[in-house]
Amino acid sequence: MKSKVETYIGFAIKKGSAVLGCDSIKSCKKHMQLLLYTANLSDNSLSVLREVSARTGCQLAQIDEYEILKMRNCKALAICDKSLANAICENLM
């Protein structure tokens with residue numbers, strides 16, 4: 001059974017309001033609302049995400065390694081839609 005967070009991430013990907021991967025997040029020109037990463041993200045990539053988080057002021061949160069991310073071989077993503085980011089934050093806590 002899918003969790004609500006995984007479902008919201010799927011919505012964001014289908015809607016086109018998700019940026020996948022650290023390199024894409026670093027060079028993204030969209031206004032990001034939330035940065036998410038899995039536990040097996042490398043230390044260098046995590047430091048990049050922390051830098052982007054500090055620069056943009058968006059929240060950084062760790063999530064489980066969901067199937068939807070495994071299929072895309074993705075360990076970090078940014079959510080650009082404010083309502084989806086808020087829904088994910090509410091369900092992470």
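Two strands count as paired if DSSP finds at least two bridges between them; helices (H or I, at least four residues) and strands (E, at least two) are DSSP runs, numbered from the N terminus. The model is predicted, so local features need pLDDT of at least 70 and side-chain atom pairs count only at pLDDT 80 or more, while totals for chains, interfaces and linings use all residues. Residues are numbered from 1 along each chain as its sequence is written, and side-chain values use heavy atoms, with hydrogens and water left out.

**View 1. Strand S2 and its pairing with S3.** Strand S2 and strand S3 (residues 59-63) run parallel and are joined by 5 bridges. Leu 35 has Leu 60 of S3 as its bridge partner. Together with helix H3 (residues 43-56), S2 and S3 make a right-handed β-α-β unit (with the strands pointing away from the viewer, the path from the first strand over the helix to the second runs clockwise).

**View 2. Strand S2 and its pairing with S4.** S2 and strand S4 (residues 76-79) run antiparallel, with 4 bridges between them. Ala 76 in S4 lies opposite Tyr 37.

**View 3. Burial of strand S2.** Of the 5 residues of S2 (residues 34-38), 5 are buried, so the strand is largely enclosed by the rest of the structure (buried: under 20% relative accessible area, 1.4 Å probe, protein chains only). Leu 34, Leu 36 and Thr 38 cover one side, and Leu 35 and Tyr 37 are buried on the other.

View 4. Leu 41 is in the loop between S2 and H3 and counts as buried because its relative accessibility is 12%. Beyond its neighbours within four places in sequence, Leu 41 is in contact (heavy atoms within 4.5 Å) with Cys 22, Leu 46, Leu 49, Lys 75 and Ala 76. The C-alpha atoms of Leu 41 and Ala 76 are separated by 7.4 Å, and the two residues are 35 residues apart along the chain.

Note on methods: Buried < 20%, exposed > 50% of the residue type's maximum accessible area, 1.4 Å probe, protein only.
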